[in-house]
Amino acid sequence: MDFLAPVAAFLSLPLFLAGFAWYAVRARRCGVSQSLLAPIEEIWDPISHKTNIEIQVEAERSPETPSPGDPPEFSIRR
């Protein structure tokens with residue numbers, strides 16, 4: 001019974017690492033762009049969480065969208 005706790009701790013490490021590996025594969029395949037620790041970050045530092053949201057919105061913005069004040073582009077098709 002005394003060796004049960006160390007064995008459980010030893011066996012939990014590979015499971016923990018396998019969970020992170022699974023999440024990394026899933027994030028790359030599905031395009032998950034949110035941090036795994038985002039809820040904890042939101043609790044500890046709400047301002048940095050808001051900054052991460054702004055960065056995520058900026059990353060999702062289409063580069064083809066013209067900026068306000070840009071002259072309109074007219075394409076001539078023949």
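Look for aromatic pairs anywhere in this structure, which is a predicted model, and the search turns up one. Phe 16 and Phe 20 are the partners: their ring centres sit 4.9 Å apart and their planes meet at 90°, so this is an edge-to-face pair. Planes over 60 degrees apart get that label.

**The aromatic pair up close**
- Both Phe 16 and Phe 20 belong to helix H1, which covers residues 4-30.
- They are four residues apart, or about one turn of that helix.
- Is Phe 16 buried or exposed? Phe 16 has 51% relative accessibility, so it counts as exposed; the cut-off for that is over 50%.
- Phe 20 comes in at 39% relative accessibility, so it counts as partly exposed.

- Which residues make the nonpolar surface patch? Phe 3, Val 7, Phe 10 and Leu 11 do, and the patch comes to about 460 Å².
- Val 7, one of these patch residues, is found in helix H1.
- With 36% relative accessibility, Val 7 counts as partly exposed.

**The chain as a whole**
- How many helices and strands does the chain have? There are three helices and zero strands.
- Going along the sequence, that gives you the pattern α-α-α.
- The chain has 78 residues, and 5% of them are buried, a label that takes under 20% relative accessible area.

Key:
Residues are numbered from 1 along each chain as its sequence is written. This is a predicted model: local features need pLDDT of at least 70, side-chain atom pairs count only at pLDDT 80 or more; totals for chains, interfaces and linings use all residues. Side-chain values use heavy atoms; hydrogens and water are left out. Helices (H or I, at least four residues) and strands (E, at least two) are DSSP runs, numbered from the N terminus. Buried means under 20% relative accessible area, exposed over 50%, partly exposed in between (1.4 Å probe, protein chains only). Rings of Phe, Tyr and Trp (its six-membered ring) pair if their centres lie within 6.5 Å; planes under 30 degrees apart count as stacked, over 60 as edge-to-face and the rest as tilted. Patches are made of residues with over 30% relative accessible area and no salt bridge: like charges are joined within 9 Å, nonpolar side chains (Val, Leu, Ile, Met, Phe, Trp, Tyr) within 5 Å. Accessible areas come from the Shrake-Rupley method with a 1.4 Å probe; for residues, only the protein chains shown count as cover. A salt bridge is a side-chain nitrogen of Lys or Arg within 4 Å of a carboxyl oxygen of Asp or Glu.
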